[in-house]
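Good morning, colleagues. Please take a moment to look at the structure on the screen, and I shall then guide you through it.

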Amino acid sequence: MSSERLQAFKFELMPDSAQTRLLGRFSGACRFVYNRALALQKLRFEAGEKKLGYAALCRALTEWRHAPETAWLALAPVHAQQQALKDLERAYANFFAGRGAFPKFKARDRGQGLRFPDPKQFKLDQPNARVFIPKLGWVRYRKSRNVLGDLRNITVTECLGRWYVSIQSVREVAIPVHPEQQREIGIDMGARKDWALLIGQDGAMVKTLNAYRAAEHRLKHYQRCLSRKKKGSKNRAKARYRLAKCHQRVTNTRADFLHKVSHHLTRDYGVVCIEDLKVQVMTAAKVNPRQRNKAILDQGWFMLRTLLEYKAEWRGGLVIAVDPVHTSTTCSMCGHNDPGNRKSPDKFECLRCGHADQADKNAAKNIRRAGQARIACGEHVRHRSGGAGSAKQEPIEATRQGPAP
Ligand SMILES: [Zn+2]
């Protein structure tokens, strides 16, 4: 039994100074193409004309690359520019499907990736740790591991002055059997005023999740520094860079922590039961610090779930998300459900049988039981039959994105 696995391998690029300048220009060209195509679509809309499709936009792009005033576009790779048009198409499609806002013009300071969708467009030389990018040539990268499988596509992105390449590949892998099939863990996320923890049913605290909290003071400081700087000034740009750097550190710390936690959980347990929480999207309207804090914790929780799911699948394990209703007020011994059982955020004491426990531990037991029940009803099949060809994508975004600044 085997399945197809899509995986992205991300490395930092080490372009020389001429290549760095070119990369900046290439990505600027993509942004230009995106914005120009958007302007064109808007004009057509105002004139009551039909929106251009992808093929027509590509024809327009060819014209721009030949026009004398925008001939500089032809110095940058065409594939990446076509991908920028694809991005615009997707933004429109998301808007019409009610999934996103109307497409906006891309500002100068927004990073724009260069995507090369076809393995014919690039080359990978792993022994020499370099990748060939059209119109740029061979660029060295920090090789931390080997890329496995057949190459699919690459994306080059910039983040705070550094360039990265994400190489996606596909390969056949045997569906593994988890060595701890019968070990199950229920996990409750206990949210406190300013921190959170994950607790298993045996009471073992997995770890605290407070990367944001620890850095909040520094973030506020940099935020204040930024707001004092004059708009458009050099110092403002510097302050913005420092703030972004701080945000990035928070994001990386959190991602690192969540990767480790999910790694250990999926390695030691064949079945991980968690709460099926609906994640709130943080909006500007929610300025209440308590709510903001909760939203950030939720984001960590959501990412943890994503990581657990793909890591468990790769190991042959299972993640079960159970209905979170009443898990914190039900007695794990006798099943009696009463809000009064919960004496304080910390303490649980059953009004019927007198069972006393730590509140999060009690909830974790309930979550595990609910997960076991779902397995018993056969809602989850442990062994997937072969040839299903499930291709689970490792969420590379998850390692990049953190809380909305
Ligand atoms: Zn009880």
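How many disulfides does a search of the whole structure find? The search finds 0. Please keep in mind throughout that this is a predicted model.

Let us turn to the cysteines at the metal site. The zinc ion is coordinated by the SG atoms of four residues, namely Cys331, Cys334, Cys350 and Cys353, at 2.2 to 2.4 Å. The angles among the 4 donor atoms run from 108 to 114 degrees, and the site is tetrahedral. Along the sequence, the donor residues follow the spacing C-x2-C-x15-C-x2-C. Cys334 sits in the loop between strand 12 (318-322) and strand 13 (347-349), while Cys353 sits in the loop between strand 13 and strand 14 (356-358), so this pair ties together parts that are 19 residues apart in sequence.

The largest nonpolar core has 40 residues. Within this core, Leu13, Leu114, Ile133, Ile154 and Val156 touch the most other members. Which element gives the most to this core? That is helix 1, residues 17-46, with 8 residues.

Leaving aside residues up to four places away in sequence, Leu13 touches Val131, Val139, Arg140, Tyr141, Val156, Trp163, Tyr164 and Val165.

Finally, I would draw your attention to one residue in a helix. Thr251 is found in helix 5, which covers residues 234-268. Is Thr251 buried or exposed? Thr251 is buried, because its relative accessible area is 8%. What lies 2.8 Å from a polar atom of the Thr251 side chain? It is the backbone oxygen of His247.

To close, I return to the opening question: the structure has 0 disulfides, and the SG atoms of Cys331, Cys334, Cys350 and Cys353 coordinate the zinc ion. Thank you for your attention.

Conventions
Residues numbered from 1 in each chain as written. Predicted model: local features only at pLDDT ≥ 70, side-chain atom pairs only at ≥ 80, totals over all residues. Heavy atoms only, no water. Helix = DSSP H or I, 4+ residues; strand = E, 2+ residues; numbered from the N terminus. Buried < 20%, exposed > 50% of the residue type's maximum accessible area, 1.4 Å probe, protein only. Polar contact = N/O pair within 3.5 Å; in protein donor to acceptor, adjacent residues only side chain to side chain. Donors = N, O, S within 2.8 Å, 3.2 Å for Na, K, Ca; no water. Tetrahedral: all angles 85-135°; square planar, octahedral: opposite > 155°, others 65-115°. Disulfide = S-S within 2.5 Å. Core = buried A, V, L, I, M, F, W, Y, C linked by side-chain atoms within 4.5 Å. Contact = heavy atoms within 4.5 Å.
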